Amino acid sequence: MAKDSIVGLALGKREWEWTVLTHNRDHWAVSGQAKAELPAEEGGEGGTKPARVPDAWRKAMHHLSAHIAVGLPSDQLLLRVVDLPPVSDEELDGAIRLQADKFSPFPTDTMVISYEVLQKGPESMRVL
């Protein structure tokens, strides 16, 4: 019997929290969850530098070959809904990157860009 796993990871400013869901036959069940505080490290600009991956995370997750879903605080994201003319699936990624370049203060080659088509019509498409 094959087991599938998904790890949900929520990254906070001072802690990481994760839950592991395992699929057995016809249902998902929580097979583990934990929380780890992130100690601030001295040095760097502003007196601290980003904390390293907690040892608890490494010990808990080293054996998993699971999909990982990461939750980030909304104040760390740029989120837009845009209306575009209809484009083919092959052209969609490029069209989204052009739109992101218009509203983002950051260069698109330094960002992770994800999108979801919310609505597709004959004259326009709405994308998150």
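Q: What makes α2 lie across β7, β8 and β9, and at what angle does α2 run to β7?
A: This is a predicted model, in which local features need pLDDT of at least 70, side-chain atom pairs count only at pLDDT 80 or more, and totals for chains, interfaces and linings use all residues. Residues are numbered from 1 along each chain as its sequence is written, and side-chain values use heavy atoms, with hydrogens and water left out. Helix α2 lies across β7, β8 and β9 and runs at about 135 degrees to β7. Contact means heavy atoms within 4.5 Å; angles run from 0 to 180 degrees between N-to-C directions, with axes fitted to C-alpha atoms, for helices over the stretch in contact.

Q: Why is one side of β7 and of β8 left without a neighbour in the sheet?
A: The open sheet has the order β7-β9-β8, with antiparallel pairing. β7 (82–84) and β8 (117–120) are at the edges with a single partner strand each, so one side of each has no neighbour in the sheet. Neighbouring strands are turned by 20 degrees against each other on average, direction ignored.

Q: Which helix gives the most to the lining of the largest pocket?
A: Helix α2 (residues 89–103) does, with four residues; helices are DSSP runs (H or I) of at least four residues, and strands (E) of at least two.

Definitions and conventions
Two strands pair if DSSP finds at least two bridges between them.
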